[in-house]
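Please consult the sequence and the model shown below.

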Amino acid sequence: MSSRKYNLPSLSPLVAFEAAARLQGFARAAEELNTSQPAVSRHIRNLEIRYGTELFYRDKSPICLTPKGSQFYTSVVQSLEALQTAVQSLRQVEERVTIVCSHSVSHLLLMPLYATLRQKMGRDVELRIMTVEYNLLQAAVETGADIVFQYSAEPPERKHVVVCDEEIKPVGSAEIVEQAQRALEGRCDPPMLLKLQKENYGWMDWDDWSSAHPEYNGWQVSEEFDSYVYLLQAAVSGQGLGLGWRRFVDDYLNRGDLIELPVSWHSKNTKLFARLTRYGAQNALAEKCLALLENLQRK
């Protein structure tokens with residue numbers, strides 16, 4: 001049997017190129033793909049270097065494709081659609097909804113709702129929850145996911161629901177919260193802060209809280225965590241003061257595992273959305289699941 005060798009770029013540069021061409025902008029493509037503008041620019045520049053041709057006129061606003069870029073775009077779209085059709089045909093279960101989200105969303109928001117969601121969707125429907133790092137959400141979506149959770153100050157273009165407004169305030173064990181209150185009154189040293197060390201993709205952090213509340217400036221961080229779930233557990237065990245996201249910490253507060261400082265929640269108009277992907281828009285069960293997510297979160 002004769003062998004066939006393919007000399008092709010990886011999928012990520014092609015997806016970045018398709019998004020930038022369709023949306024006429026690297027920044028717009030980066031937002032859709034949940035990545036950074038430099039990453040999109042780098043993918044496209046690597047394609048241009050590899051094949052020795054310019055794909056975009058960058059001196060125009062909005063950017064537009066060169067003639068060769070236009071030809072390449074047509075072929076890329078056809079190829080990606082053909083590949084997606086082939087991947088979809090591999091599915092053995094037709095009645096399925098796949099949700100992509102971060103581990104924090106899965107553990108703190110979806111897990112408490114999972115039994116009810118399964119019941120309302122019907123036992124014959126396969127409900128899959130895929131957890132990935134936030135910067136890899138779009139790559140997971142390209143596997144055929146139906147619903148994705150994302151932070152944004154602007155509503156997504158595709159059909160969506162608001163899961164919650166992003167609101168923050170300090171939380172901790174009873175002893176740590178008492179120490180924080182005494183520190184604010186100048187009666188003791190402040191407690192140590194627990195910080196999320198993940199790369200920030202738009203959500204608020206201690207810097208946002210301190211900007212709105214200067215009296216917290218200078219409070220020191222004792223430990224950084226790459227998992228928000230682990231950070232909250234550290235706060236429960238009294239290791240320091242954590243930053244609580246409303247809805248994410250509701251169960252901890254309701255059980256009394258964590259105590260909130262008696263101050264108002266801080267908001268910057270960022271929201272957590274659940275939205276349909278282009279695959280979910282073709283799946284009636286995904287639309288049903290999206291509506292349930294909105295209704296269940298409101299209860």
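Which residue caps the N-terminal end of α10? The cap is S227, with a side-chain oxygen 3.4 Å from the backbone nitrogen of V229.

## Basis of the model

The model is predicted: local features need pLDDT of at least 70, side-chain atom pairs count only at pLDDT 80 or more, and totals for chains, interfaces and linings use all residues. Residues are numbered from 1 along each chain as its sequence is written, and side-chain values use heavy atoms, with hydrogens and water left out.

## Helix α10

Helix α10 spans residues 228–236; helices (H or I, at least four residues) and strands (E, at least two) are DSSP runs, numbered from the N terminus. Its buried residues (under 20% relative accessible area, 1.4 Å probe, protein chains only; exposed is over 50%, partly exposed in between) are Y228, V229, L231, L232, A234 and A235. Among the elements covering them are α5, β6 and α11. Just after α10, G238 has a positive phi of about 85 degrees.

## Aromatic pairs

Eleven aromatic pairs occur in the structure. Rings of Phe, Tyr and Trp (its six-membered ring) pair if their centres lie within 6.5 Å; planes under 30 degrees apart count as stacked, over 60 as edge-to-face and the rest as tilted. F17 and F72 form a tilted pair, 5.0 Å centre to centre with 45 degrees between the planes. This pair links helix α1, which holds F17, to helix α4, which holds F72, 55 residues apart. F17 counts as buried because its relative accessibility is 0%, whereas F72, at 25%, counts as partly exposed.

Ring pairs also join F17 and F72 with F26, F56 and Y73 in a cluster.

Terms used. Contact means heavy atoms within 4.5 Å. A polar contact is a pair of N or O atoms within 3.5 Å; within protein, one must be able to donate a hydrogen and the other to accept it, and residues adjacent in sequence count only if both atoms are side-chain atoms.
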